[in-house]
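Here is my note on the model. Please read it with the coordinates open.

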Amino acid sequence: MTITSPHLGSPSVWTDARLLYALEEVVENELNRHLKVAKDWMPHEYVPWGDGRNFPGFFEDGVAWDKEQSKVTEIGRTALVVNLLTEDNLPSYHHEIAALFGRDGAWGTWVHRWTAEEARHGIVMRDYLLASRAVDPDKLEQFRMAHMNEGFESDNRHSMLHTVAYVAFQELATRISHRNAGHQSGDPVCDRMLARIATDENLHMVFYRNLLKAAFEIAPDLTMQAVRDVVVDFRMPGHSIPGFERAAVQMAVGEVYNLRIHHDDVLEPVIRFLKVMEIGELGPDGRRAQEELGLFMGGLNAEAAKFDEKLAARKARMAARGRA
Ligand SMILES: [Fe+2]
Ligand SMILES: [Fe+2]
């Protein structure tokens, strides 16, 4: 099989292995850029250890958890649990990307570096939640066990290109979810911690977005199809968390993550930055994918508008009842 460039109008014969090889230099450049801009930080500095108390079990002075012990809002608790459990499944994410990207060369260095950075997120969030007593620690541990026992299998494990496209959007989705959870938490200490995590997630997004840009240059038709597929079928990595559906509804109403946010703050910025809808010189498959992507985004925007109306009506009802 020979490599033919879609730029020349010939049929694409890219395989994952060939794309991995073709993108290796870009990965190396992006990795070096990332290492220059990523600031080291200490998770323990973000945790209010002074607020901590022993839990019952082995300590005589142990105090049982009670909801009243924390000032974190109800929506804050829900979002923190969903976001932490999402981070907790890191071993599965590592497995999935290591299997696709490999553990050698620049790709492997990135996989390990990314994993090390992501591990900080779970560490700092769990330490914060336990020290501040924001959530029931027994339930949190039971949920973690249940969630990790399920494992995580990527929807895009069949394709390296689909995986790069997915994580470009997913890292931004995670950034936005952490950031908004902080804003809604009612605790400035929590907000500061989640803002720090969100900064990491943003750099992860930039890495993958730049990689996706290079993929568009190398194999525009295939990349367009991958972007169409992951945008249309997008779901958050934490979708298998116990009670996720209910939590997702609460997070939507609580304006941590909803259709409007997904469209405006996650999908649109990446699509616009990469000028996805303006890419020309596509073959029939690429053009069709571009059109379908455009149609999907239009439909999503219309759905988001309906959601906006419902949310505004709900807020008005709450205000009328004097609860807002
Ligand atoms: Fe993370
Ligand atoms: Fe991340």
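1. Terms first. Buried means under 20% relative accessible area, exposed means over 50%, and partly exposed lies in between (1.4 Å probe, protein chains only). Helices (H or I, at least four residues) are DSSP runs, numbered from the N terminus.

2. Provenance. This is a predicted model: local features need pLDDT of at least 70, side-chain atom pairs count only at pLDDT 80 or more, and totals for chains, interfaces and linings use all residues. Residues are numbered from 1 along each chain as its sequence is written, chains are lettered from A and ligands numbered from 1 in the order in which they are written, and side-chain values use heavy atoms, with hydrogens and water left out.

3. Helix α5. This helix covers residues 137–150, 14 residues in total. From first C-alpha to last it reaches 20 Å, close to the 20 Å expected at 1.5 Å a residue; the expected span is 1.5 Å times one less than the number of residues. Pro137, Leu140 and His147 are buried in α5. They sit on the same side of α5, because they cover an arc of only 90° around the axis. The arc is taken from the directions from the helix axis to the C-beta atoms. Asp138, Gln142, Asn149 and Glu150 are exposed on the other side.

4. Packing and ends of α5. Its buried residues pack against α2 (74–88) and α4. Asp136 caps the N-terminal end: a side-chain oxygen lies 3.0 Å from the backbone nitrogen of Asp138. Gly151 follows α5, with a positive phi near 70°.

5. Iron site. Which residues coordinate the iron ion (ligand 2)? Glu118 (OE), Glu171 (OE), Glu201 (OE) and His204 (ND1) do, at 1.8 to 2.3 Å. Donors are N, O and S atoms within 2.8 Å of the metal (3.2 Å for Na, K and Ca); water is not among the atoms, so sites may look incomplete. The spacing along the chain is E-x52-E-x29-E-x2-H. The four donor atoms subtend angles of 92 to 141°, so the arrangement is irregular.

6. The bridge. Glu118 bridges the iron ion (ligand 2) and the iron ion (ligand 1), which lie 3.9 Å apart. Glu118 lies in helix α4 (residues 105–132) and Glu171 in helix α6 (residues 160–184), so the pair ties together parts 53 residues apart in sequence. Glu118 counts as buried at 5% relative accessibility. Glu171 counts as buried at 1%.

7. Arg228. This residue is in helix α8 (residues 220–232). At 15% relative accessibility, Arg228 counts as buried. Leaving aside neighbours within four places in sequence, Arg228 is in contact (heavy atoms within 4.5 Å) with Ala289, Glu292 and Leu293.

Technical notes
Four donors count as tetrahedral if all angles lie between 85 and 135 degrees; four count as square planar and six as octahedral if opposite donors are over 155 degrees apart and all others between 65 and 115; anything else is irregular. Helices (H or I, at least four residues) and strands (E, at least two) are DSSP runs, numbered from the N terminus. A polar contact is a pair of N or O atoms within 3.5 Å; within protein, one must be able to donate a hydrogen and the other to accept it, and residues adjacent in sequence count only if both atoms are side-chain atoms.
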